[in-house]
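Work through the exercises below with the sequence and the 3D view open. Try each task before reading its solution.

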Amino acid sequence: MIATSHWYRLIDYLDRMGAPLLLHNRVKPQNDPAIFHGIQAPLEYLHFISTYGYPSLYIDDDMYLGFLSYKQSSQHQLFHCGVYPFAVCSLDLQITVVLEHDGTQWNVVVYEGLERVDVDGVFEEWMKGQVRQFLLELSNYDFKKLHILQFQPDQDPLLLKNPFRFSLTS
């Protein structure tokens, strides 16, 4: 599948740079449904999470991507608006990426807080763009700094210990 091969490029790059620990939370889905709001989820997305689980990658405040489990998604305010939040792209949880069905297919849509900002195509196109952006940004990082960064205490970007994490979104 296309999305998994794109993500693997990022994993491979981090491994070659000596910073594989920057990738966190490789939790595999456990009995998560394949149907969101009564519609079959995108096969690319399902294949991705069955392969990689729900990873998060934190480089700095501007470079963050955290995939949400079904349990986390169902607690997000946007879930109750008929979309499926599957990732966050900011530490303050204000930038959320959702799957939104348009009657024909699931599209990736970016929200800032509860406001719809941009449509990014289908999941595999979005993943390709994310990986390309991360690889571009990482190519400008100092190898030593990146290596040290992976051993710093976990930033807990998804605030996993905070039961009100998604009430923080406006």
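**Exercise 1. Place L10 in the fold and list what surrounds it.**

Step 1. L10 lies in helix α1. Helices (H or I, at least four residues) and strands (E, at least two) are DSSP runs, numbered from the N terminus. The model is predicted, so local features need pLDDT of at least 70, side-chain atom pairs count only at pLDDT 80 or more, and totals for chains, interfaces and linings use all residues. Residues are numbered from 1 along each chain as its sequence is written, and side-chain values use heavy atoms, with hydrogens and water left out.

Step 2. L10 has a relative accessible area of 1% and is therefore buried. Buried means under 20% relative accessible area, exposed over 50%, and partly exposed in between (1.4 Å probe, protein chains only).

Step 3. Contact means heavy atoms within 4.5 Å. Leaving aside neighbours within four places in sequence, L10 is in contact with L57, V131, F134, L135 and L138.

Step 4. L10 and L135 are 125 residues apart along the chain, while their C-alpha atoms are separated by 6.8 Å.

**Exercise 2. Describe helix α1 by its length and its buried residues.**

Step 1. Helix α1 covers residues 2-17, which is 16 residues. From its first C-alpha to its last it reaches 23 Å, close to the expected 22 Å. The expected span is 1.5 Å times one less than the number of residues.

Step 2. The buried residues of α1 are A3, T4, H6, W7, L10, I11, Y13, L14 and M17.

Step 3. The cover over these buried residues includes β1 (23-24), α2 (43-52), β4 (56-60), β5 (63-67), α4 (123-138) and α5 (143-149).

Step 4. Just after α1, G18 takes a positive phi of about 80°.

**Exercise 3. Which residues touch the most other members of the largest nonpolar core?**

Step 1. A nonpolar core is a set of buried Ala, Val, Leu, Ile, Met, Phe, Trp, Tyr and Cys residues joined through side-chain atoms within 4.5 Å. In soluble globular proteins, nonpolar side chains tend to be buried together.

Step 2. The largest core has 42 residues, and W7, Y45, F67, F86, F123 and W126 touch the most other members.

Step 3. Take Y45 from that list. With neighbours within four places in sequence left aside, Y45 is in contact with F36, Y54, L68, Y84, F86, L99 and F123.

**Exercise 4. Find the salt bridges and say how exposed each partner is.**

Step 1. A salt bridge is a side-chain nitrogen of Lys or Arg within 4 Å of a carboxyl oxygen of Asp or Glu. Side chains of opposite charge can pair when their charged atoms come close. By this rule the count is two.

Step 2. R16 pairs with D12, and their closest N and O atoms are 3.0 Å apart. Both residues lie in helix α1, four residues apart, about one turn of the helix. R16 counts as exposed because its relative accessibility is 59%, whereas D12, at 26%, counts as partly exposed.

Step 3. E100 and R116 meet in a salt bridge with an N to O distance of 2.7 Å. This pair links distant parts of the chain, with E100 in strand β7 (residues 95-101) and R116 in strand β9 (residues 115-119), 16 residues apart. E100 is at 19% relative accessibility, so it counts as buried. R116 has a relative accessible area of 44% and is partly exposed.

**Exercise 5. Is D120 buried, partly exposed or exposed, and what does it touch?**

Step 1. D120 is found in the loop between β9 and α4. Its relative accessible area is 28%, so D120 is partly exposed.

Step 2. Apart from neighbours within four places in sequence, D120 is in contact with V108, V110, E125 and W126.

Step 3. D120 and N107 are 13 residues apart in sequence, and 7.1 Å separates them in space, C-alpha to C-alpha.

**Exercise 6. Summarise the whole chain.**

Step 1. The protein chain has five helices and nine strands. Along the sequence the pattern is α-β-β-β-α-β-β-α-β-β-β-β-α-α.

Step 2. Of the 170 residues in the chain, 48% are buried.
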